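Subject: Handing over the structure

Hi,

Here is the structure I promised to pass on. My notes follow below it, with the cut-offs included for each term.

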Amino acid sequence: MRFVTWLSSTAAGVAAATWLVSGIYFTGPSSGWDEVTHKLVPLLLVSLILGVVSSFVKPVVTFFSIPFIILTLGLFLLVINALMLMFTAWIAGLFDLGFHVTGFWPAVLGSIVITLVNWAIGATLLRDDD
């Protein structure tokens, strides 16, 4: 059950990023029920890819970037998150999912949006009531 809620919150973050950031988008229909049916499975697959990238690639990159993270007082983590989103878009392109990130700055904004949406959903819905 925890996996489904995590996947849903990540999908909501990616969907919000595609809606708010002009350089992040899915190809296909842009309105109506056709858009939902055409983009729902790719959205879930992109969220899954982003989760795998964040779980396996990001820790390695973060470890080797510790000097830059310390030097920039943590701001380099934004760069790492943006690169992970761009890497996710590249992997999605290999599977022809239609997910695109057009550049570095849209990736930075998109990673911020995804992080904020995941944080908000986690803070409100995924609380452990002890």
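Let me begin with F99, which is buried, with a relative accessible area of 2%. Throughout, buried means under 20% relative accessible area, exposed means over 50%, and partly exposed covers what is in between, using a 1.4 Å probe and protein chains only.

Before going on, two notes on the basis of all this. This is a predicted model, so local features need pLDDT of at least 70 and side-chain atom pairs count only at pLDDT 80 or more, while totals for chains, interfaces and linings use all residues. Residues are numbered from 1 along each chain as its sequence is written, and side-chain values use heavy atoms, with hydrogens and water left out.

**Aromatic pairs**

The structure holds six aromatic pairs. Rings of Phe, Tyr and Trp (its six-membered ring) pair if their centres lie within 6.5 Å; planes under 30 degrees apart count as stacked, over 60 as edge-to-face and the rest as tilted. One of the pairs is F26 with F99: the ring centres are 5.1 Å apart and the planes are at 50°, so this pair is tilted. It links distant parts of the chain, as F26 is in strand β1 (residues 24-26) and F99 in strand β2 (residues 99-101), 73 residues apart. Helices (H or I, at least four residues) and strands (E, at least two) are DSSP runs, numbered from the N terminus. F26 is buried too, at 10% relative accessibility.

F68 and F76 form another tilted pair, with ring centres 5.5 Å apart and planes at 35°. Here F68 is partly exposed at 47% relative accessibility, and F76 is partly exposed at 22%.

**The nonpolar core**

A nonpolar core is a set of buried Ala, Val, Leu, Ile, Met, Phe, Trp, Tyr and Cys residues joined through side-chain atoms within 4.5 Å. Which members of the largest one touch the most other members? Of its 29 residues, these are V14, I24, V46, L85, F99 and V101. At least two core residues come from each of α1 (2-20), β1, α2 (32-64), α4 (76-94), β2 and α5 (104-124). The biggest contribution is that of α4, with seven residues.

Setting aside residues up to four places away in sequence, I24 touches A17, T18, L85, F99, H100, V101, P106 and G110, where contact means heavy atoms within 4.5 Å.

**Along helix α2**

K39 lies in helix α2. Is this lysine buried or exposed? At 14% relative accessibility, K39 counts as buried. Apart from neighbours within four places in sequence, K39 is in contact with F26, T27, G28, P29 and S30.

T62 also lies in helix α2. T62 and L77 are 15 residues apart in sequence, and their C-alpha atoms are 7.7 Å apart in space. Not counting residues up to four places away in sequence, T62 touches I69, L77 and I80.

S65 is in the loop between α2 and α3 and is buried, at 8% relative accessibility. Beyond its neighbours within four places in sequence, S65 is in contact with F76 and I80.

M1, F3, V4, W6, V41, L45, L48, V52 and F56 make a nonpolar surface patch of about 920 Å². Like charges are joined within 9 Å, and nonpolar side chains (Val, Leu, Ile, Met, Phe, Trp, Tyr) within 5 Å. The areas come from the Shrake-Rupley method with a 1.4 Å probe; for residues, only the protein chains shown count as cover.

The elements that give two or more residues to this patch are α1 and α2, and the largest share, five residues, is from α2. V52, in helix α2, is partly exposed at 44% relative accessibility.

**Positive phi values**

Two loop residues may interest you when you check the backbone. L73, in the loop between α3 (66-71) and α4, has a phi near 55°, a positive value in a residue other than glycine. L73 is exposed, at 78% relative accessibility. D96, in the loop between α4 and β2, also has a positive phi near 55° without being a glycine. D96 is exposed at 71% relative accessibility.

Best wishes

Key:
Patch = residues over 30% accessible without salt bridge, like charges linked within 9 Å, V, L, I, M, F, W, Y side chains within 5 Å. Salt bridge = Lys/Arg side-chain N within 4 Å of Asp/Glu carboxyl O.
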